[in-house]
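The sequence and structure are shown first.

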Amino acid sequence: MHLVASGFPILPALITAITIALWAFSRLPEYLTALLFFSAAMIVAAAPREVVFSGFSSAAFWLVLSGYVLGLALKYTGLADRMASALSRRLSGSYPKVVAGVVALTYLLAFVMPSNMGRIALLMPIVLAYADQIGLVAGRRGRIGLALAVGFGTFQLSTSILPANVPNLVMAGSIESSYGLQLGYLPYLWLHAPVLGILKGAVLVACIAWLFRDTPEAAPPAPAAQPLSAAEKRLAVLLGLTLLGWVTDGWHGVSPAWIGLASACVCLLPKVGFVSGEQFGKEVNFRTAIYVAGILGLAAMVADSGLGGIIGRALLAWLPLSPEAPMQSFFSLVGLSAALNFVVTANGVPALYTPLAETLAQASGFPLMTVLMAQVAGYATVIMPYQASPIVVAMGMGQVPARSGLALSLLTALVSFVALVPLDYLWFRLLGMPGS
């Protein structure tokens, strides 16, 4: 049982605060902080074992591992270099143009591939191989920027596409179970894509191009087309089947995680696969996988202990909501969603915010659907990288220093709150969202 004072779970709150502080300030390696969280939570029995370690059974954890394996297969067969060469013929030019091309690619892929982790697993090795071809080798700022473009573009822009992001699906499920309402694909896209998709993509490109400005070299002339090797052909078929499975998951009902894991197992099979056991042991970044499991376990503990609901209700009491000040109320709703991001990360925000929506609607004067849709701008705005596990995975795969990811998240969050949230409010009004 947790230690509780007047209904407040003290031990989960203390462990949560220390864990978040260590992740936020990077005083210890992220994986070590995750391990410390696991040990502390179990020693003091802050939550049941299945809650604390729930991250290891989550789809995200297994997509991380399978993504690394698929990336190694692309690298060792030479297929990543071949695909990077094809990419270079379309993205060559200045660094901002290259960044814009990568960000656009992450957004377009989100329309056909539902899994954030799957998109990162597919794109990262290709983009890194392309970075090598244009002289942005390991350690160069431009290479770090391209890796972050994959992570931030994949997560943030996909919040504008209903089935392409885990928090969106959590929100849709919570709205249906709590209020009996269903979200439509096209109305949702029309409401969010112009600001949270297109304009946020432009902001992301500008921030990366400024923070990590670099001068790429001209891509080497494309060599004469060589026929695909037998290994490349087999891997291309495997990737095609994997992508088909990911795109059609709504039809067959198998999670993208298990499709990715099955593909990873094929890649590891002796004689048939592409990655040896030695390569798997040396090059798969288990530290990032542990970090992701820690983030998900922390969010589960916060929800299980009731801490998330307590924090949400406490924040609600401080919100300046008033029917006479609609813009102020809209900013407050987005701010609440962003604040919950610190405690339960993006995946958990809709589960806490959505049940509060009826109370928020009464206090703000907004209709229920306006209140529900305002939360998207909040969880789409990552203030610190740990708040979105896909960004953490991308940083691990791209070997991005923690301070670089933090710098980009803080800058994009600042621009989003100053410029994009007001534009989002105006777009709501232009579309005639009632009460906005």
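## Cavities

A search of the whole structure finds two cavities of 30 Å³ or more. A cavity is a set of points on a 1 Å grid, laid over the protein atoms alone, where a 1.4 Å probe fits but cannot get out; lining residues have an atom within 4 Å of a point. Grid points are joined across faces, edges and corners, and a volume is the space filled by probe spheres set on the points. The model is predicted: local features need pLDDT of at least 70 and side-chain atom pairs count only at pLDDT 80 or more, while totals for chains, interfaces and linings use all residues. Residues are numbered from 1 along each chain as its sequence is written, and side-chain values use heavy atoms, with hydrogens and water left out.

The largest cavity holds about 60 Å³ of space. Ten residues line the largest cavity, and those nearest its centre are Leu70, Leu122, Leu239, Thr242 and Trp246. Helices H4 (59–77), H7 (116–133) and H11 (230–247) each supply at least two residues of this lining, with the largest share, four residues, coming from H11. Helices (H or I, at least four residues) are DSSP runs numbered from the N terminus, as are strands (E, at least two). By class, the lining of the largest cavity comprises eight nonpolar, two polar and no charged residues. In this classification Ala, Val, Leu, Ile, Met, Phe, Trp, Tyr, Cys and Pro count as nonpolar, Asp, Glu, Lys and Arg as charged, and the others, Gly among them, as polar.

The second largest cavity has a volume of about 30 Å³. Its lining consists of Ile295, Leu296, Thr345, Ala346, Asn347, Gln387, Ala388 and Ser389. Helix H15 (286–305) and H17 are the elements that give two or more residues to this lining, and H17 provides the largest share, three residues. The lining of the second largest cavity has four nonpolar, four polar and no charged residues.

## The largest pocket

A pocket, unlike a cavity, is an open set of grid points with protein on both sides within 12 Å along at least five of seven lines. The largest pocket has a volume of about 1,000 Å³. It is lined by 40 residues, of which Asn285, Gly396, Met397, Gly398 and Gln399 are the closest to its centre. H7 contributes the largest share of this lining, five residues. The lining of the largest pocket divides into 25 nonpolar, seven polar and eight charged residues.

## The nonpolar core

A nonpolar core is a set of buried Ala, Val, Leu, Ile, Met, Phe, Trp, Tyr and Cys residues joined through side-chain atoms within 4.5 Å. Buried means under 20% relative accessible area, exposed over 50%, and partly exposed in between (1.4 Å probe, protein chains only). Within the largest core, of 141 residues, Leu146, Leu235, Met301, Tyr353, Leu360 and Met373 touch the most other members. Helix H17 (residues 326–364) gives the most to this core, with 15 residues.

Beyond its neighbours within four places in sequence, Leu235 is in contact (heavy atoms within 4.5 Å) with Ala73, Leu74, Thr77, Leu79, Cys267 and Phe274.

## Aromatic pairs

Rings of Phe, Tyr and Trp (its six-membered ring) pair if their centres lie within 6.5 Å; planes under 30 degrees apart count as stacked, over 60 as edge-to-face and the rest as tilted. This rule gives nine aromatic pairs. Phe38 and Phe53 form a stacked pair, 5.1 Å centre to centre with 25° between the planes. The two residues are 15 apart in the chain, with Phe38 in helix H2 (residues 30–43) and Phe53 in the loop between helix H3 (49–52) and H4. Phe38 is buried, at 5% relative accessible area, whereas Phe53 is partly exposed, at 30%.

The ring centres of Phe330 and Tyr425 lie 5.5 Å apart and their planes meet at 55°, so this pair is tilted. The pair links distant parts of the chain, 95 residues apart: Phe330 belongs to helix H17 and Tyr425 to helix H20 (residues 402–430). Phe330 is buried, with a relative accessible area of 0%, and Tyr425 is buried as well, at 2%. Ring pairs also link Phe37, Phe38, Phe53 and Phe56 into a cluster.

## Gly312

Gly312 lies in helix H16 (residues 307–318) and counts as buried at 1% relative accessibility. The C-alpha atoms of Gly312 and Val349 are separated by 9.8 Å, and the two residues are 37 apart along the chain.
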